[in-house]
Amino acid sequence: MTTEHGGHAAPANATEYIQHHLSHLRNADNTINLDTFWVSALLGLLFLGVFYMAARRATPGVPGKLQNFVEWVMELVNDTVNSAFHAKSNVIAPLAITIFVWVWLMNAMDFLPVDLLPKVLQFFGVYKLRVVPTADVNHTFGMSFSVLICIIAFSIKAKGIGGWTKELFTAPFHAHGFMAIVLAPVNFVFQLIELLAKPISLALRLFGNMYAGELIFILIALLPWWAQWLLGGPWAIFHILIVTLQAFVFMALTVVYLSLAVEKH
């Protein structure tokens with residue numbers, strides 16, 4: 001059973017409530033998750049704005065709270081990059097900072113009350129909204145596909161197109177002469193599996209953790225108000241660790257994969 005709300009059916013039971021909160025706001029052709037796109041885009045702009053403001057206000061004297069925070073983030077990411085990436089690159093550190101902060105911001109949308117933004121947007125005629133972009137597998141695969149492109153680009157830049165192509169058919173089973181020809185297809189299959197496994201694992205790990213967290217918050221929202229505070233508080237505190245850890249893991253694995261891409265086998 002459903003009730004009418006502004007011309008749209010409002011959820012009337014637990015099943016419909018869960019289905020409603022797991023439904024995306026999509027375009028007319030039902031091909032693009034507009035909520036994922038706009039929330040991630042706005043959070044990306046927020047990241048750029050805050051870091052640009054911190055850079056403009058940076059002083060050599062006593063730093064402010066914003067400068068301290070930005071410097072702490074940059075030191076954390078820089079230490080990770082220095083420990084995992086030993087080649088020279090002007091791209092790797094900015095890329096790692098962007099990934100870590102942007103993914104953290106998208107994950108952190110899970111801390112907002114489940115019904116807050118959907119109810120606000122109902123006044124503007126929007127009746128579906130998922131506010132956690134990383135709980136959308138399309139978005140996590142989009143990011144991991146970008147990492148795959150970076151892996152290939154870094155490999156070609158470090159080894160040349162010829163060296164990278166040669167590696168595809170000679171590693172991991174290095175051989176000479178006739179055996180090199182025999183093992184070439186096998187090597188290529190193993191290289192392809194290894195190459196594709198990296199973005200798939202990145203995407204599914206982030207998506208799985210954030211989707212599960214989002215679902216638990218939705219289930220907690222179905223409980224009486226006193227139980228929501230009793231269970232929601234501890235879960236939110238624990239979820240801070242998950243949100244931060246998943247952002248760090250996505251960033252760290254990206255750095256490791258790019259480091260492996262530039263190494264000669």
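Here are a few friendly notes on a surface patch and a pocket in this predicted model.

1. A nonpolar surface patch of about 740 Å² is formed by Phe 141, Phe 169, Phe 188, Val 189, Leu 192, Ile 193, Leu 196, Ile 200 and Leu 204. Two elements, α6 (137-170) and α7 (178-221), each give two or more residues to this patch.

2. Which helix gives the most to the nonpolar patch? That is α7, with seven residues.

3. Phe 188 makes a handy example to look up in the viewer. This residue sits in helix α7 and is one of the members of the nonpolar patch. Phe 188 counts as partly exposed because its relative accessibility is 31%, and partly exposed covers the range between buried, under 20%, and exposed, over 50%.

4. Now for the pocket. The largest pocket has a volume of about 360 Å³, and 15 residues line it. Nearest its centre you will find Pro 113, Phe 217, Ile 220, Gln 228 and Gly 232.

5. Where does that lining come from? Helices α7 and α8 (225-262) are the elements that give two or more residues to the lining of the largest pocket. The biggest share is from α8, with five residues.

6. What is the make-up of the pocket lining by class? Ten of the lining residues are nonpolar, three are polar and two are charged.

Notes: Residues are numbered from 1 along each chain as its sequence is written. This is a predicted model: local features need pLDDT of at least 70, side-chain atom pairs count only at pLDDT 80 or more; totals for chains, interfaces and linings use all residues. Side-chain values use heavy atoms; hydrogens and water are left out. Patches are made of residues with over 30% relative accessible area and no salt bridge: like charges are joined within 9 Å, nonpolar side chains (Val, Leu, Ile, Met, Phe, Trp, Tyr) within 5 Å. Accessible areas come from the Shrake-Rupley method with a 1.4 Å probe; for residues, only the protein chains shown count as cover. A salt bridge is a side-chain nitrogen of Lys or Arg within 4 Å of a carboxyl oxygen of Asp or Glu. Helices (H or I, at least four residues) and strands (E, at least two) are DSSP runs, numbered from the N terminus. Buried means under 20% relative accessible area, exposed over 50%, partly exposed in between (1.4 Å probe, protein chains only). On a 1 Å grid over the protein atoms alone, a cavity is a set of points where a 1.4 Å probe fits but cannot get out, and a pocket is an open set with protein on both sides within 12 Å along at least five of seven lines; lining residues have an atom within 4 Å of a point. Grid points are joined across faces, edges and corners, and a volume is the space filled by probe spheres set on the points. Ala, Val, Leu, Ile, Met, Phe, Trp, Tyr, Cys and Pro count as nonpolar, Asp, Glu, Lys and Arg as charged, and the others, Gly among them, as polar.
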